[in-house]
Amino acid sequence: MDVPRVVRTQVTTGELDPPQDLVNTMSGVNDSSVPLLDVVKALGEYLTSTEDDVRLKGLTFLTNLVKVISSNRINRQATVTLTRFYLSKLDDFDSLPPALSALIILSKLPTFDDDAAVEVYRAVVEQVNMKAYVQATRHLVYQLFDSFLALHRQALKNMGADFLNSYTKMVDGEKDPRNLMLLFSMDRVILLEFDVKDLIEDFFDITFCYFPISFKPPPNDPYGITAEDLKSALRKCMAASPYFAKLALPLFLEKYATAVGQSMKDLMLSMAACFPVYGGDAVRERGTELWDGIKTEIMYSSDKSVEAAALSALESLMRTLYPSEADAPVGLAQDIIKQCLDILDEPEKTQSLSATKALVALLNASPSTGKFAVSQALPQLFKQFNRPSLPSHRVPILWSISSLLIAASKVYAGETVTRSYAQERTFEHYREALMDTLREGLRTEGLKEAATRGCVALTEIPGFWGRDEVEEVVRGIDDALLNDDDSDVLSAVVTGLTGISKVHPTVIESVTLPLLFHALPEHAPGLYDTPSRDKYRSILRSLSELCVQPALFETLVIRITTKLDFLTSSTSVAEEQTTQEARECEVAYAWDLLHCLAGVIDKKVDDKHVDVVKHFDTIVPRLYALCISAAAPKLGGQEPLFRDRRLLTVVGRITERLVWELSADRQGKHFAAVFAAFAQGEMIGILPASVPKPPLTSSPLRLGAPSPEQDLIVLYSSVVQGLKADCQLPFPSYADWLAASVNWAINHARDSFHVRWAADMIAAFVNKRASGLAEPLPGMLETIWVTDVQDTSKEFETRRRALLVYLHITKALALVRDPLAYTSIERLVDVFKLAYFDPAFVNEAAKSLSVIAEGKGKAKERGSHLTAKLLWAQKVWGFALPRIIEGDQDAKGKDRLVYLAAFSALLPLVPASLLLADLQTILPLLLRSLALPAPEPRTNAITALHGVLETKNLSAEVDTLVHDRSTEMVESLIKSVFSENQESSGKVRAAALRCLATFPDAVRFEALQGLKSKVIKDLGKALDDPLRVVRRDAVECRAKWYRYGQPT
C-alpha cells in the first residue's frame, strides 16, 4: 500500500477519518502489514507544518487513526512516543482537542503505565487554562481525569496533596450541566477514596457552591440531563465524606431561611442523605436547630412532596442519633415526641395528622426511637379514644393509631425487612388495648375504615396475632363488608381482606368465603328488588378481588359452578312476575356469576398465576355441560337458562382465555375431543365424568340442526380462537376443514349470531395457519366471491354472509401482511363502482370494511389472540385510502356516499398521527362523513377528528388548515348532535360533544369568535338529553365554551 499517497489524499481533501483499507484490510495497520510508524512518517510534513490549518488536519488524522486501530497494535514504545508527541501539543490552542482525544485513548491502553498518567496529568494541569476553552474541550479534560481515576487511581493517590490541590483548581468554576455530571461522579470517588481531611474546605467550595441546584433544561435538550439528575449526583458528593459535617450543617441551617418549593425539597433530601455519613456526634450538636427547620415543613408545608422529603430528613436524623436499640432515646427524640403528643391533644386540628406522620417517621427510623414513640403515643391515644372531648374526635384518633400500625407492618413485614418484631416486640404491652380499640372501631359508623386498616396491619406483622385473634378481626371486617354501604369503607374492607388473604389464606377461606357465598341468594331477586340485586353484585365484586389468590380461587370455582348448576335446575318464580321477567332476572344473575369468574380468571392470567391451568378441567367441562344440556330438545316447561346467548358469550370468553393458557400439547388433546363432538356428535369426550349420558348425541352443526344446538358454535369457535399456531390438529387437511366451516357459515347457519361466531372462528384459523393454506386459499376466496358474493341471483342474506366470511379471511391475512389480503381489498373497492346497479349490497360492502378495522381486537375482546405483524394497519390504510379517494373523485352524486361510508369504516384502523400526515386530503372526507345518515360512520369520523384536535405541537401547515376549516367543523358537529334529519345515537352525541370541547384548547378564539354564542345556546338543548353520559359531556363542553376567549 502506498501509505504516503493515501495520507496525502486524505489530508489535502479534508477527509480526516482514516479509510478502511488503511485500517482493517489485509494490507492495513490492524493486520500489521502497515507499521504505525510508516503512517506517522507520512504525516510528518503535516504535523510539523507552519500553517495552523494544515498542522491541525495532520494531527486530527493521526488522532482518528489512534481511535480506530486495535490496542494490541500500539506497543509500549509507540505509546511512549505518541504520549510525548501529544503532550507537546497541549500548549497549542487549536491542537488541544485532538491531542486530548488521543491521550484519552492512550490512557486506557495496557502499555500506558502509572508514571505516564502522572506525567500527563501534571502537563495538563500546568499547560491548560480551563477558562479559555469551550465546554467540549473542558469535557475532554475531565474525561482524561476520569480515565486516570478509573485506571491509575493509586498513582494519583501517591501524588497526595499535589493532586488534590491541582484538581480543585482545575474544576473550580465549572457551570455546564454536561461537565458537572462527570465532575460530580469524580468528586465522589475522590472524597471516598482519597485522604481529603486537610483539604476538605477546598472540596467543600467546589461541591457545595452548587447547592441547591436550580436548573431548567432547555426545550428538546438532546443530552436529556434533568434537574433531578444533577441534584442526585450532587447529593451523592455531599454525602461522600464525614469531614463535610462542620461546614455543611451550618449551611443547611442557613438555607432554611431562603429555600422554598423544590429548593426546600432538595434541602430536605440532601440532609436525609448526609446525616448518616456525618455521624451522630456532629449532627447531635445541631440537632435541635435541624429539627426546628424540619418541623416547620412537616407541620405547615402545603406541598406534599416537600412534606415527604421533610419526613425523610426526620427519619434520617433519628436513625443517625439513635442507630440501635442500645442507644437510649434521650434528648431530642423525647422533645420531638412530646411536641407531637401536645399537638395530638387537639386531634381536630390539621397539624394532628402531621404530628402522626412525625411519630411514624420515628417508628421507621430505628428500634430505639420506634419503641419509645409507641410507648409514649399509644397510652395517650387510647385514653383520648375511650374518653374523647367530642365524639367526632375519635375518627382522627383512631386514624393516628392505625397509621402507627400500618407503619409497623411495613417495618416488620415489608419487601426489604431489616428489623424483626420478634426481637423488638414493640406492641406487646398493648395487645388487649389494641384489640379492644379496633373491635370498637369495626362496630362504629365512621370508624370502620380506619379500624380495618389497623387490623390488616397487625395481621401482617409476623407472629403478633395468632389464628384466633385473626379470625375475630376478620369476622368484624366481614360484618362491615356485608352491612355497610359506604363505598370508601367497602373499598378499604375488600383491600384489607385481600391483604389478609396473602398472609392468612385459610382464615379467609374458612371465615369470609362461606359467609359471602351464603349471602348470595338462591334465586335471582325480582325485577323490582333493586336493593337485593345491588347487594349480591357488591358481594360478587368483593369475591372477584379476594379470590385472585391461588389458595381461594378453587373455592370460588366450586361455589360459582355449583350455584350455576342450581340456577339451571331451579324454576322458582315470584308470583307477581311474568315468566319473561323472571327469566331476565335469572339470566342477569347467572351472567353476574359468570362475569365474576371471568374477571378473576383475567386477573390471574394477567398476574401470571400458574394455578389457572390446573383448574381448566374443573371449569370448562362443567360450563360445556350447562350449555349442551340447555341446547338439548325439551318438552314443555320453561326454556333452559343457558339457551340465552348472553350467557353463552361469557362462557365463550372464559373458554378462549383458558384454552390459550394451555400448552400446545394439551390444546391438541382438548381440541381433538371438541372436534369429535362437533364433527361427529361425540359429546361425551368434552363433558365432566359426572354426566354419564350426553344430552346430545349428534353434531350441533349438522344440516337442519335447531337454533339452540347451533348456538353451541360459540364453544367451538372459542376453542379455535384460543389455539396456538403450533397446536397439533386432529384432521389432515386444513383446506377441507376450512371449506366445510365456510360452507356452514354461508349456507346452514340459522342467523347472524351463528354467522359471526363462525366467521371469527374462520378468521382465527386462517390467521394462525396462513402458511399452510397458501396454496388453496386464493382459489377458496375466488370461489366465495364469484359463487356467493357476486351472484346477484342469490338471496341478499346469503350474499351478506358470504361477504362477512370473505372480509374475516381478508382481515386474518391482512394482520400477517399477506399479499392476498390486498388483492381482496382491491376487489372489494372495485365493487363500489356498481352502487347504481346494486345499491343495497354495495352499501353493505362499504360498511362491512369495519370488520378489517376491528383488527386484532383489544385484550379480553373477541380476536385478542390473533397474530398481528408490525405496521399491518398502516399498510392496509396506505393501500386502501388512495383507491377510495380515486373512486370518490370519479363517482357522481349519491354514488359518492358509498366511498364515504368505506372511508369512515376504516377510520378506527389508524391513529391520529397517521391522519395528520395527509390531513389536506383527509379533512374534506372527514367533514363530508359528518353528514352521513347512519350514526356509526359519523361516530368514527368524529372520533378521528377529535384525535387530530387533541394532538399537541401541530405543524404550521396543519395548524393553518385546522383554523381555516374550524367553523365548518363546529357547525357539522352541532348538526350531529341536534339535527332531526339524521339518525342519532347516544354514542354519536357524546362523541360530538367531547370533540366540541377540544376546540377552545385547539383553536384560537378569533377563528371561532362569531360562533361562541350559537354553540353555547345549542349546547343548552343537550342538557335535557335522555342519556346521563350525554348530559355530563354537555355540561363539561358548555363550561369550556363559556371560558373560551376569557382572560385566565
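Reply:
**From one loop outward**

R817 sits in the loop between α42 (796-815) and α43; helices here are DSSP runs of H or I with at least four residues, numbered from the N terminus. Please keep in mind that this is a predicted model, in which local features need pLDDT of at least 70 and side-chain atom pairs count only at pLDDT 80 or more, while totals for chains, interfaces and linings use all residues. Residues are numbered from 1 along each chain as its sequence is written, and side-chain values use heavy atoms, with hydrogens and water left out.

R817 is not a glycine, yet its phi is positive, at about 55 degrees. With a relative accessibility of 34%, R817 counts as partly exposed; under 20% relative accessible area is buried, over 50% is exposed, and partly exposed lies in between (1.4 Å probe, protein chains only). K608 also has a positive phi, near 60 degrees, and is a residue other than glycine. That lysine lies in the loop between α32 (579-606) and α33 (611-614), and its relative accessibility of 69% makes it exposed. One further backbone feature is the cis peptide bond from F211 to P212, with omega near -10 degrees; P212 belongs to the loop between α13 (200-208) and α14 (227-238).

Now to the rings, where the structure holds 38 aromatic pairs. Rings of Phe, Tyr and Trp (its six-membered ring) pair if their centres lie within 6.5 Å; planes under 30 degrees apart are stacked, over 60 edge-to-face, and the rest tilted. F678 and Y716 make a stacked pair, 4.7 Å centre to centre with 5 degrees between the planes. F678 is in helix α36 (residues 664-680) and Y716 in helix α38 (residues 713-722), so the pair ties together parts 38 residues apart in sequence. Both F678 and Y716 are buried.

F832 and Y899 pair edge-to-face, at 5.6 Å centre to centre and 85 degrees between the planes. Here F832 comes from the loop between α43 and α44 and Y899 from helix α47 (residues 897-906), so parts 67 residues apart in sequence are tied together. F832 is buried at 1% relative accessible area, and Y899 is buried at 4%. Returning to F678 and Y716, ring pairs link them with F671, F675, F731, Y734, W737 and F765 into a cluster.

Charged contacts come next: the whole structure has 62 salt bridges, each with a side-chain nitrogen of Lys or Arg within 4 Å of a carboxyl oxygen of Asp or Glu. In one of them, the side chains of D751 and R645 meet at 2.6 Å, N to O. This pair links distant parts of the chain, 106 residues apart: D751 is in the loop between α39 (734-748) and α40 (752-768), and R645 is in helix α35 (residues 645-661). D751 is partly exposed at 22% relative accessibility, and R645 is partly exposed at 26%.

R453 and E449 form another salt bridge, with the closest N and O atoms 3.5 Å apart. These two are four residues apart in helix α26 (residues 448-460), so about one helical turn separates them. There is also a salt-bridge network that links D602, D606, R653 and R657.

Finally, the cysteines: taking a disulfide as a pair of cysteine sulfur atoms within 2.5 Å, the count is zero. C547 has its nearest cysteine sulfur, that of C596, 7.1 Å away, and C547 is buried with a relative accessible area of 0%. For C995, the nearest cysteine sulfur is that of C1037, 9.3 Å away; C995 is buried too, at 0%.
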